[in-house]
Amino acid sequence: MQPRWFAVVFLLLCGAACTFAFDANWKISSERAGQLDAIVQHNKDRRSAARVLSALIYTCVAATMPVLSLMLGVLLAWLWRPFHKCWRMKSAPPAATLIRGHTIIWTFIIVFLSFTISIIAGLMGWMIINLLMVVAIIGISITTCLARPQDPVMAAGRVAVSSKSNSGTQPDLEHESAETKEADDANWSQHPLGVGRSQKRTLLLCVLMFVLLCIICLVIWNVWKVDEYQLWDLNNGNTTEEFIPQLTAKTLQMLYAWDNFATNIRLQIYTMLLTSNCGSSFTNELADADKHGKIFLPWIDQYKINMDLYTPRDYTQYKSVNDWFIRRINTTFRPVTAVVYNMEIVSPADCRMLIYPNLDEARIWIKGADFTILELLDNNRELNNIFKGGEIVIARLAPQDYHRFNTPVEGNITYYKEVPGDYWSVNPLAVNSRNYVFYNLRKIVVIDTQAFGRVGYIAIGATCVGSVQLTWPDPVGHVVHLGMELGYMQFGGSTVVLLFEPNVTTWHPEILQMSAKPVESYVHVNQGIGKFKPKP
């Protein structure tokens, strides 16, 4: 037998032996079905509650826009009446009618402009237009209060003359006095007179409505308690919870509880600005006195991170928050569990993992019919044809995880490309929200292997993860070994997606069963997740 044929037979026998051991040792028990169903229901209820409460908050917030618009409309109609020609009457309309009409017109114009800008510019546009309205209302109110009061008789005469000149008729003092009296009687006055009683009542009612809406939002926000997200711990064989601070959890629920909502309100600008702020603030070098408040309390203590797993263990030895975030792990606690290195697959990171035999089955997790492997690979049709119908591994990293990622297979790197994109969160709620978070900023690597053919490795950034760094600036041509560090992601949650050719791998059956529910499985970096699948 020639040596190369002997090698092929040897690999097939090893693969068969590994697959047999894999199935024998990792077969999931049926008793866990109830636990999995409970996890799924818990996470569904969590999202349902988020939808109800976020809808209430958004309704109250949206209602503030017409309230502010009416307040500004009343004030503008009191100050400025440029639409007098809209009243086609033989004689000049009563002043009160003119003021009320201008109030309606101004309010309609402001509401129309506000919603138009909000539709075009999204949440940032809505915030800016509402801020401008609040500034305008406060500015007009302060200016009015500080203005020197005028003689009522002289002011009435000016108003009457102005009304007559606008209507295009000659001044008539008796008619002017009648219009002024009618406006006073109707409690609708105009500058330079003070605001009329009806106008004051309208403004007061708007202020009370605005305050009430703000109070309702604050009460809902403070009473709302987000339950912890649940998943399966593969090592402990039990349900576990992922800690998320309440402020962060509520923000994620508000943004991603509704499908496409974050995209529709143009939150890309917000996540980009937030990511830029994280990058600048967390890379600043800290004084030793500041490290307890900047590293220990908000991260190590709050997330209950065991620093004995990392090197160095002492957090004061890290220069910045970001330097601590990309800390190295002690390999004693994360050994490579493979036996036949070139025949096995290990987890690329400490992560929450899902495995699917193909994209169609992955849609149970990746919501959105428009999501394609082709676009994930930046429209590279050659790579798309290689991985078409192939298997998908999704490895999600949370902020408390070790954020360096390793190679899951052995081989040679033959392709690399950096693809720009957005900075959506990769939290499960965001992934399920049809916002296509896997099209974020990403780096694509292809590894050519002996047993599995080509393997796609996509490192995806996220909100506050503006930098995905590889070990080499250009990794093409480098040989990678199982469990070798391939790069790191600076600050925040992030994701690694692995693509395999069809029918080349036998996966960990427990992870497969969890994924079908779908329930994420927490696994360690370098932990075995799959083996070579011999062809029949």
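Predicted model: local features only at pLDDT ≥ 70, side-chain atom pairs only at ≥ 80, totals over all residues.
The protein chain holds 536 residues, of which 49% are buried, and its secondary structure consists of 16 helices and 18 strands. Its accessible surface amounts to about 25800 Å², with carbon and sulfur atoms accounting for 61% of that area. When contacts between residues at least 6 apart in sequence are considered, 78% of them join residues that lie at least 24 apart.

Strand pairing was examined for strand E9, which spans residues 411-419 and runs antiparallel to strand E13 (residues 479-480), the two being joined by two bridges. Within this pairing, Gly411 has Val480 of E13 as its bridge partner. E9 is also joined to strand E10 (residues 442-448), again in the antiparallel sense, and here the number of bridges is seven; in this pairing Val419 is partnered by Arg442 of E10. In general, the strands of a sheet pair through backbone hydrogen bonds, in either a parallel or an antiparallel manner.

A further group of three strands forms an open sheet in the order E5-E18-E16, with antiparallel pairing. Its edges are formed by strand E5 (344-346) and strand E16 (505-507), each of which pairs on one side only, and the twist from one strand to the next averages 25°. The antiparallel pairing of E16 with E18 extends over three bridges, and Thr505 stands opposite Phe532 of E18.

The largest nonpolar core comprises 39 residues, and those with the most contacts inside it are Met353, Val393, Phe405, Phe452 and Phe500. At least two residues of this core are supplied by each of several strands, among them E6 (351-356), E7 (391-397), E10, E11 (454-460) and E12 (468-470), as well as E14 (485-489), E15 (494-500) and E18 (528-532).

The surroundings of Phe500, one of the residues with the most contacts inside the largest core, were considered without counting residues up to four places away in sequence. On this basis, Phe500 touches, among others, Ile345, Phe387, Val393, Val409, Phe452 and Val455, and its contacts also include Gly390, Glu391 and Arg454.

Methods:
Residues numbered from 1 in each chain as written. Heavy atoms only, no water. Helix = DSSP H or I, 4+ residues; strand = E, 2+ residues; numbered from the N terminus. Buried < 20%, exposed > 50% of the residue type's maximum accessible area, 1.4 Å probe, protein only. Contact = heavy atoms within 4.5 Å. Areas by Shrake-Rupley, 256 points an atom, 1.4 Å probe, with all protein chains shown as cover. Pairing = 2+ DSSP bridges. Core = buried A, V, L, I, M, F, W, Y, C linked by side-chain atoms within 4.5 Å. Axes fitted to C-alpha atoms, helices over the stretch in contact; angles between N-to-C directions.
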